[in-house]
Amino acid sequence: MQWAAAGVISSIMEVPRRPQPASLKLPLPKPASSDRSPLGAVEKRTEKDPVKEKQRERKDGSVEEEAAQVGEAAFNPEEETIESDVSVFVEAPSEASERDEELLDTNISPVEANSKLSSHDRCSVAEEEKSPEEVEEARKRSEEEEAAAKERAAQRQLLAIEELVQTERNYLRLLQVSTVTIRSNLQKLQPPLANLDSMFLYIEEVIDVSGRLLSLLDQKQVQPGDPLFLETLCDSFLSLSSDIEAAYKEYLANYNNVTAVENDYKQKEALWTEIVRVIKTSAPEVNATSLSFFLVMPVQRIARYPLLLQTIQKHTDPAHPAYSLLEQTAHTAVALNCRINEYKRFREVADKYKKTETLTIKDKINRLNSHSIAKKTARLSQHIKHETGMAAKLVDEEFDALEGFFYVLENGILELLENVETYLHHLQRFLAAKTEEFDLDMDGEKPAVSYKEITTALRQWILPTFEKRMQTLIHKPLCALRDLLVGPRNLIRKRLDKLLDYEMIEARSTLSYEEQAVANTYRTINTLLLNELPQFNGLALQMMWSTLGTFSCLHKDLASDMEQLFQGFAQQLPHSSLESGAFWEWAECAALEGARRLETVCRNVEETLNAPIVQPLSPSSQRRLKQLTQAHGSGKIYQVTGAVVGSRDLDLNLARGELVAIISEADSRGDKRRWLVDAGGRRGYAPSSKLIRYHQPTEDPPPSPHLTLPEGGAGVRRHSYTPGSQPMTAMRLPCLQVFAGYDFTARGSHEVSLRAGDPVRVLEPHDKRGNPEWSLVEARGGQRGYVPSNYLAIMPMTPVTPSTHQPYR
């Protein structure tokens with residue numbers, strides 16, 4: 001009976017140590033009576049509180065299920081079990097009451113305690129009391145155990161902090177090795193590696209933000225064991241969280257390109273072997289065999305920040321001053337990873353739809369299938385419903401405003417680029433003129449010498465420098481900006497297509513997997529455009545204004561350089577001593593006079609170039625003329641004004657001056673710029689701009705009905721004006737008058753129209769090329785121009801004294 005009572009009390013109060021695999025379990029029967037004798041009780045060697053032991057095991061990271069099993073085994077009223085590593089110790093009955101009081105002093109609720117003690121045993125234990133020495137000893141042991149648990153937690157916290165800092169230093173060192181050493185050695189390979197720089201995009205920003213994080217920790221001069229170090233670490237991470245997100249999200253979005261480029265290198269075995277050799281030579285202590293070994297580290301590192309911070313938080317006492325700040329830092333790291341993942345998903349969608357594909361008709365036909373045809377048909381049907389008002393269209397005023405501003409901005413950028421290219425083209429033509437190399441026959445005059453020196457300096461120094469700066473600071477940025485417009489434009493168009501798909505499934509209560517994917521795609525594109533299109537519009541507008549400002553600054557520098565150049569020659573030029581107002585008045589008048597003279601010269605040159613082109617006919621040309629005249633008539637004969645080289649089917653190759661007959665004044669498509677001609681056996685097309693009607697000067701025109709000569713008169717009438725060959729009867733004061741024998745209609749500004757019987761004055765009996773078949777005449781109105789010489793006739797006039805009459809000739 002005493003053994004049974006002692007065993008029951010021992011089963012209630014004794015809690016074994018952490019159970020071991022080889023622990024001994026002895027089931028004891030339930031006592032029949034609550035009477036317990038103090039006799040036979042043996043003093044316990046070790047004493048452990050089951051509740052505090054359970055709490056300590058949870059803090060030490062032990063498995064909660066094991067602790068639950070231990071508690072259940074110690075306090076099961078049906079079957080009492082005692083577990084011990086070596087032996088079973090029995091408690092005195094008096095210790096039960098003290099143990100019960102300790103249970104009440106702990107954090108375990110009465111409900112939990114009652115669930116572990118039977119009602120009969122609780123009543124018997126409550127009657128017993130512990131001695132003060134035992135209570136004090138138990139309290140000391142509990143404090144020692146709590147202190148040991150806190151020490152272990154502090155050690156684990158310190159190890160986690162040191163791990164974060166030390167791995168950050170190693171991570172930064174390896175990134176610097178890959179970026180500086182390995183990259184520079186790979187750039188020395190011949191031939192150069194294609195797309196090598198694209199693999200290291202944004203890695204400098206990652207290195208910078210990691211270095212700044214370590215720099216903030218080093219500036220505080222606090223060691224990881226110092227309690228203030230945790231606060232410094234959290235403050236540094238939170239202050240750089242936005243920079244960390246900005247650096248890593250761009251790098252992770254570009255990481256797919258890194259793997260793609262590396263796979264391209266691996267396709268060439270010799271090239272890849274050389275790359276691996278360079279990597280091993282550049283970093284022998286790492287033993288890396290690929291670039292992705294280094295370039296994947298930022299992808300892994302950003303995901304380890306939340307894990308390391310949560311580990312530190314797990315081993316940090318909630319009463320620590322920096323605990324709340326540490327909790328905020330851990331949540332920030334998790335949210336940062338979520339935003340980076342979301343941005344990477346958005347970028348993948350944008351990269352998929354913003355690409356511009358150049359497809360041939362065959363490729364487009366090959367892509368057609370039942371699914372694509374059905375999808376495009378549904379979109380077209382939805383669009384028609386919108387236009388006819390059969391279906392309402394989803395309106396997003398915010399996006400519509402962004403879209404309208406984007407298209408206005410795009411139009412302005414393209415027009416500015418076109419104007420800049422035209423400006424550069426004219427500047428290049430001006431530099432190609434090299435006017436200073438022409439001999440102006442003014443070598444002895446100071447203005448001419450100064451002009452040559454100034455023009456030489458402009459063409460060889462000032463203007464080439466200005467052109468180079470224009471290309472670098474204006475043209476190239478505008479071309480890059482034009483290329484950047486392609487992506488947003490394609491996304492806007494793709495959003496319209498996805499909007500049509502989304503409208504057709506919007507009203508449905510349940511969506512299939514494919515329909516849900518369509519809706520998610522539209523929402524992603526729409527959100528991406530709403531978030532990033534304002535930034536793009538703002539940056540593009542800012543860049544455009546910056547380009548215009550740079551354009552103005554370049555012209556200001558050009559004016560300053562030209563002013564400095566002209567000041568060296570100012571004293572050598574005339575009118576340099578004039579006042580400012582008088583000088584500008586003189587300059588304006590001189591410029592206008594020069595422009596007038598230049599216009600006159602240009603008009604004279606044009607008239608000279610457009611002068612009649614009549615050449616003496618060779619015997620073969622005469623035979624062709626006769627043949628063409630008999631076949632088509634004299635009104636269809638034309639002469640080629642310049643060499644014609646055929647560039648299309650049925651085009652003829654014709655020499656300058658060759659005679660042809662016009663068959664049709666348009667080609668088979670109705671184009672009047674190409675005439676169908678007969679070249680004496682060969683028939684084909686020739687440009688109408690190089691054909692001019694041919695006049696036959698060798699044939700005498702029909703008798704003029706407007707001219708009558710005196711019978712048996714003093715001279716002989718001729719049908720063409722050939723000076724020096726007209727036989728004339730000697731007169732005391734011979735006076736001749738030249739008349740137009742026939743009507744003539746001018747065909748250009750170089751000819752003059754005449755009516756039969758109009759008197760004219762012959763200025764030159766030939767054209768500019770010395771051909772006597774055309775004569776330069778002046779009519780009564782002062783008009784000058786060429787007329788056929790055989791259209792002129794000479795008539796003698798009544799002789800008069802020289803003092804009384806002066807003929808018009």
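**Salt bridges and nonpolar cores in a predicted model**

Q: Which residues does Y248 touch, not counting residues up to four places away in sequence?
A: Contact here means heavy atoms within 4.5 Å. With residues up to four places away in sequence not counted, the residues that Y248 touches are Y171, V206, V209, P298, R301, I302, Y305 and I340.

The model is predicted, so local features need pLDDT of at least 70 and side-chain atom pairs count only at pLDDT 80 or more, while totals for chains, interfaces and linings use all residues. Residues are numbered from 1 along each chain as its sequence is written, and side-chain values use heavy atoms, with hydrogens and water left out.

Q: Which residues touch the most other members of the largest nonpolar core?
A: A nonpolar core is a set of buried Ala, Val, Leu, Ile, Met, Phe, Trp, Tyr and Cys residues joined through side-chain atoms within 4.5 Å, where buried means under 20% relative accessible area, exposed means over 50%, and partly exposed lies in between (1.4 Å probe, protein chains only). The largest such core has 64 residues, and those touching the most other members are L186, Y248 and F294.

Q: Which helix gives the largest share of this core?
A: Helices are DSSP runs (H or I, at least four residues), numbered from the N terminus. The largest share, eleven residues, comes from helix α7 (residues 132–187).

Q: How many salt bridges does a search of the whole structure find?
A: A salt bridge is counted when a side-chain nitrogen of Lys or Arg lies within 4 Å of a carboxyl oxygen of Asp or Glu. Among those found is the pair D243 and R212, at 2.6 Å from N to O. Because D243 lies in helix α11 (residues 241–266) and R212 in helix α9 (residues 203–219), this pair ties together parts that are 31 residues apart in sequence. For the whole structure, the number of salt bridges found is 31.

Q: Are D501 and R379, which form a salt bridge, buried or exposed?
A: The closest N and O atoms of D501 and R379 are 2.8 Å apart. D501 lies in helix α20 (residues 486–505) and R379 in helix α17 (residues 370–388), so the pair ties together parts that are 122 residues apart in sequence. D501 has 9% relative accessibility and R379 has 9% relative accessibility, so each of the two counts as buried.

Q: What separates E342 and R345 in helix α15?
A: The side chains of E342 and R345 meet in a salt bridge, at 2.7 Å from N to O. Because they are three residues apart in helix α15 (residues 323–353), the separation is about one helical turn.

Notes: Helices (H or I, at least four residues) and strands (E, at least two) are DSSP runs, numbered from the N terminus.
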